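Hi there,

Here is the structure I promised to pass on. Have a look at it first, and my notes follow below.

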Amino acid sequence: MVGQTGCEIDCATLESAPLNQRCACEVVDILRLHESIRGAFPEFTTDPAVHAHLFSPYALFVDRPALEAMGRVAAAVFDVAGNPGYSQRVLQWAPDIATHDPGSAGGVLGLDFHLTVDGPRLIEVNTNPGGLLLNALLLDAVRSCAPPAWATWTNAAQARDAAVTAWMEDARQQSGRTPSRLAIVDSTPRAQFLYPEFELYANAFRDHGVDCVISAPEDLSFGSDGLEDAHGRIDTVYNRLTDFALEDASHADIREAYLAGDVALMPHPRAHALFADKRNLAVLGDPALLGGFGVDAGSTALLGQVIPPTVELVPANRDALWAARNGYFFKPAAGFGSRGSYRGDKLTRRTWESMASATYIAQAFAPPSMRIVHGGQSLKADVRCFASEAGVLLFAARLYQGQTTNMRTPGGGFAAVLTTPLIGE
């Protein structure tokens, strides 16, 4: 099968590199996808100015061995997080609330990878990863122009079910029971860029027999009857707040209910401290440290290979890292959404000096792969592996231009990942 007009190669090839460089096939009808979302949620109107580049019409082609390697990395990260030596080490720089152990791993991780000539490189771990159910929609939106030899890792129904099952299992581990009434919580939820996903999750939880509401933290109060909204008790909170330690005054009731064991909170502050503080990458990527904690040799070798060398930016190394800045990417330790992150070769002295007031890490630069699409447009690409303790839930790509990932690039946005068949298929 040959792709659309402008596609220069035979799309039946099983080689990802030429497809990513020259295949211009649009495999997703973006307008139809937006219409399906609006049809499912008539009360929510997609803002064309805001969501125009939420989804990409293009796919990213990734060889199955690379995806399988990412799955092994996810499993290793979960394994190391349960190691007492590791947890003791990284909790040294965590907020006090992280010492509270609610008895669960934290639900679902989003592990972000760059694809390099030497294999995947893990650049970040997230504990409240947005986009899982939105990317599940993409899976069933892939149409006939997709190269026939390539397929998605899973389908929308399986990804949706696996995601809800993972969150509900995390809640059960915390409370000892299946959630009965769950609140999806974020600040001014309807103003959030990924609000459509909140509606997708609410429907998915309801389909699993869980009453679900979407709330701002101010809608919830904690008292003698537990955590409640205007309509009754809440026993589980799916936490989309970026105040990971619940330090804001408006989050005090959720914090109190969580520490009292009255509510299952997913993900919780301890999970963020164990997985998502970017200083942890310096520990996860150090085989000698992990070996000293008793982590098995296979996991230490794998993480040491896939995590680019990472160090915390401290007064003693500031001058050396400034001199070598072109080879590094600088990120705030507790940052999210690429905010405050800088490529070293783009840093100005003024920005560098302002960074001294915050905690930063320096990560050896692992360049993203490139996706060339219609008209020769060049997009950067990364891959997000959504995973729980049970395994991989979904792979998704983000296509973008600029220093960091964004949803503002024409032709960019969340993109379907297509991969090669299993051996024997």
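The largest cavity is lined by Thr127, Asn128, Asn239, Leu241, Phe244, Pro267, His268, Pro269 and His272. Please keep in mind while you look at these residues that the model is predicted. The volume of the largest cavity is about 40 Å³, and its lining is made up of four nonpolar and five polar residues, with no charged ones.

A search of the whole structure turned up two cavities of 30 Å³ or more. The second largest cavity comes to about 30 Å³. Around it you will find Glu124, Val125, Phe275, Ala276, Asp277, Lys278 and Leu281. Here the lining splits into four nonpolar and three charged residues, with no polar ones. Strand 3 and helix 10 (269-276) each contribute at least two residues to that lining.

Next, the second largest pocket, which holds about 310 Å³ of space. Its lining counts 16 residues, and those nearest the centre are Ser16, Asn20, Leu115, Thr116 and Ser369. By class, the lining has nine nonpolar, six polar and one charged residues. Which element gives the most to the lining of this pocket? That is helix 1, with four residues. At least two residues each come from helix 1 (16-22), strand 1 (60-62), strand 2 (109-116), strand 3 (119-126) and strand 15 (369-372). Helix 6 (residues 132-141) packs against helix 8 (residues 195-207) at an angle of about 85°, and their axes lie 8 Å apart. Angles of 65 to 115 degrees count as roughly perpendicular, so helix 6 and helix 8 are roughly perpendicular to each other. On the helix 6 side, the contact is made by Leu132, Leu133, Leu134 and Leu137, which meet Pro196, Glu197, Leu200, Tyr201 and Ala204 in helix 8. Eight residues of this contact are nonpolar, one is charged and none is polar.

Finally, the overall picture. The protein chain has 15 helices and 18 strands. Its C-alpha atoms fill a box of roughly 65 × 55 × 45 Å along the principal axes. For 425 residues, a compact globule would have a radius of gyration near 22 Å, and the 21 Å of the protein chain agrees with that.

How values were computed
Residues numbered from 1 in each chain as written. Predicted model: local features only at pLDDT ≥ 70, side-chain atom pairs only at ≥ 80, totals over all residues. Heavy atoms only, no water. Axes fitted to C-alpha atoms, helices over the stretch in contact; angles between N-to-C directions. Parallel < 35°, antiparallel > 145°, perpendicular 65-115°, else oblique. Contact = heavy atoms within 4.5 Å. Nonpolar A, V, L, I, M, F, W, Y, C, P; charged D, E, K, R; others polar. 1 Å grid on protein atoms, 1.4 Å probe; cavity = no way out; pocket = protein on both sides within 12 Å on 5 of 7 lines; lining within 4 Å. Points joined across faces, edges and corners; volume = space filled by probe spheres on them. Rg over C-alpha atoms; globule rule 2.2 N^0.38 Å.
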